[in-house]
Amino acid sequence: MSIDWTKVVTPADKFEQARERKYNEISQAYKEHVAGSVMTSLGFPMQLDMKDNIMVEGAIKIAQASGATTIYLTDAEDVTHYDIPLADAQTVLLEMSTAFAQAHAKKQALRAEIAQATTQAELNAITW
């Protein structure tokens with residue numbers, strides 16, 4: 001009986017598979033995190049994902065272009081808050097954007113750690 005060497009999985013192959021699983025784990029954790037919300041300093045629990053950031057930014061731009069001084073915000077709990085001054089809306093947007101950027105930076109830092117890991121123990125230590 002001969003051995004088919006093309007199907008032999010080396011320890012290095014197993015480690016690369018573990019590395020790939022860790023990348024996927026971190027990507028999934030990131031997606032779940034940004035699907036959540038952030039509590040802003042003004043007391044609004046706001047959505048975290050980029051789509052919601054863009055929507056709030058657009059509402060601010062429309063208000064500015066039309067001369068409006070207030071807008072409404074719909075928070076992560078689907079509660080609408082009316083007559084929010086533009087300055088407050090800009091604060092909320094900044095905090096939403098900052099939270100999103102921090103999550104993205106964390107994901108990238110963890111991906112860099114995964115790339116640099118040389119042992120299974122190092123990979124196992126990397127968590128969201």
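## Helix packing and buried residues in a predicted model

Tyr 30 lies in helix α1. The model discussed here is predicted. With a relative accessibility of 10%, Tyr 30 counts as buried. Leaving out residues up to four places away in sequence, Tyr 30 touches Phe 100, Ala 103, His 104, Lys 107 and Trp 128. Asp 75, by contrast, is 45 residues from Tyr 30 in sequence, and their C-alpha atoms are 21 Å apart in space.

**Helix α1 and its partner**

Helix α1 covers residues 11-34 and helix α3 covers residues 86-116. Two packed helices are described by the angle between their axes and the distance between the axes. The axes of α1 and α3 come within 10 Å and cross at roughly 175°. An angle over 145 degrees counts as roughly antiparallel, and α1 and α3 are therefore roughly antiparallel to each other.

On the α1 side, the residues that meet α3 are Arg 19, Lys 22, Tyr 23, Ile 26, Ser 27, Tyr 30, His 33 and Val 34. Their counterparts in α3 are Phe 100, Ala 103, His 104, Lys 107, Leu 110, Arg 111, Ile 114, Ala 115 and Gln 116. The residues of this contact divide into nine nonpolar, four polar and four charged.

The length of α1 can also be checked. At 1.5 Å a residue, its 24 residues should span 34 Å, and the end C-alpha atoms are 35 Å apart, which agrees. The buried residues of α1 are Phe 15, Ala 18, Arg 19, Lys 22, Tyr 23, Ile 26, Ala 29, Tyr 30 and Val 34. An α-helix has 3.6 residues a turn, so residues three or four places apart point the same way. The cover over the buried residues of α1 includes α3 and α4 (120-125).

Lys 107, found in helix α3, is one of the residues in this contact.

**Nonpolar cores**

The largest nonpolar core has 13 residues, of which Phe 44, Met 46, Val 56, Ile 60, Ile 71, Leu 73 and Val 92 touch the most other members. Two or more residues come from each of α2 (50-66), β3 (70-74) and α3. The greatest contribution is that of α3, with five residues. Phe 44 touches Val 38, Met 39, Leu 73, His 81, Ile 84 and Val 92, again without counting residues up to four places away in sequence. Apart from this core lies another, of nine residues, among them Leu 110, Ile 114, Ala 117 and Leu 123.

Thr 40 is placed in the loop between β1 (37-39) and β2 (45-47). Beyond its neighbours within four places in sequence, Thr 40 is in contact with Met 46, Val 92 and Glu 95.

**Accessibility of selected residues**

| Residue | Relative accessibility | Class |
|---|---|---|
| Thr 40 | 5% | buried |
| Lys 107 | 15% | buried |
| Asp 78 | 65% | exposed |
| Asp 83 | 59% | exposed |

**Positive phi values**

Asp 78 lies in the loop between β3 and β4 (80-85), and its phi is near 65°, a positive value in a residue other than glycine. Asp 83 is found in strand β4; its phi is also positive, at about 55°, although Asp 83 is not a glycine.

Key
Residues numbered from 1 in each chain as written. Predicted model: local features only at pLDDT ≥ 70, side-chain atom pairs only at ≥ 80, totals over all residues. Heavy atoms only, no water. Axes fitted to C-alpha atoms, helices over the stretch in contact; angles between N-to-C directions. Helix = DSSP H or I, 4+ residues; strand = E, 2+ residues; numbered from the N terminus. Parallel < 35°, antiparallel > 145°, perpendicular 65-115°, else oblique. Contact = heavy atoms within 4.5 Å. Nonpolar A, V, L, I, M, F, W, Y, C, P; charged D, E, K, R; others polar. Core = buried A, V, L, I, M, F, W, Y, C linked by side-chain atoms within 4.5 Å. Buried < 20%, exposed > 50% of the residue type's maximum accessible area, 1.4 Å probe, protein only. Expected span 1.5 Å × (residues − 1).
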